[in-house]
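Biologist: Could you walk me through this one? I'd like to start with a helix and then go to the metals.

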Amino acid sequence: MTIWDALLKLNHLLDESDPDTELSQIEHALQTAEAIRKDNKPRWFQLVGLIHDLGKLLYFYDSKGQWDVVGDTFPVGCRFSTKIIHYEFFKANPDYNNPLYNTKYGIYSPHCGLENVMLSWGHDEYMYHLAKEQSCLPPQALAMIRYHSFYPWHQEGAYKYLMNEHDEEMLRAVKEFNPYDLYSKTDKKCDIDEVKDYYLELIDEFFPKKVIDF
Ligand SMILES: [Fe+2]
Ligand SMILES: [Fe+2]
């Protein structure tokens, strides 16, 4: 599919974990991108707004339900932070009692870098790998995509002990993106036809191969 066709396909999904709005996915994609564009942010940043949730397409393929596509993300292979939403439910997760995984560092080492940390699976991680392999988006853009649901990290300050120097810069980028994801939502509809050409050109700029492997 092209990125645009993927956005249209995603439009049939209503994210049950999103408490804010009855907005369709393409509305959310366009509103996020338009808010970033209005603030004169770089073109790659605008494109992140457009595609950051495109990984939710997983829902139409091998997902078992929305729980494995949406919701907050967190590292696996080390102790679950109490800052993770609904932390209490981890007590039912076998990793919680596994001595390999339930220490501060688990399978990792101090400041090993988030690049080397496995995060729980979901739309963020899927889209990150796709964009990393098939786009020429800069590292900040890839971080915004990969970590946008990693709230215990970018909102609550957890897992700092796994970060390296590069992640400090990535954290700033993710924090800059977050308000656009959260607060660009309005019930005012975006005119898709009016902005379509602008975004088609933007997509082509960063995804040189027009047809993307999903
Ligand atoms: Fe998302
Ligand atoms: Fe989003």
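This is a predicted model: local features need pLDDT of at least 70, side-chain atom pairs count only at pLDDT 80 or more; totals for chains, interfaces and linings use all residues.

Biologist: OK, how many residues of α4 are buried?

Modeller: Nine of the 12, so α4 is largely enclosed by the rest of the structure. Buried means under 20% relative accessible area (1.4 Å probe, protein chains only), and helices are DSSP runs of H or I, at least four residues, numbered from the N terminus.

Biologist: And what do those buried residues pack against?

Modeller: They pack against α3 (43-51), α5 (139-147) and α8 (192-206), with contact meaning heavy atoms within 4.5 Å.

Biologist: Switching to metals, what coordinates the iron ion (ligand 1)?

Modeller: D53 (OD), H123 (NE2) and H148 (NE2), at 2.0 to 2.2 Å. Donors are N, O and S atoms within 2.8 Å of the metal (3.2 Å for Na, K and Ca); water is not among the atoms, so sites may look incomplete.

Biologist: How far apart are ligand 1 and ligand 2?

Modeller: The two iron ions are 3.8 Å apart, and D53 coordinates both. D53 lies in the loop between α3 and α4 and H123 in helix α4, so the pair ties together parts that are 70 residues apart in sequence.

Biologist: Is D53 buried or exposed?

Modeller: Buried, at 7% relative accessibility. H123 is buried too, at 3%.

Notes. Residues are numbered from 1 along each chain as its sequence is written. Chains are lettered from A and ligands numbered from 1 in the order in which they are written. Side-chain values use heavy atoms; hydrogens and water are left out. Buried means under 20% relative accessible area, exposed over 50%, partly exposed in between (1.4 Å probe, protein chains only). Helices (H or I, at least four residues) and strands (E, at least two) are DSSP runs, numbered from the N terminus.
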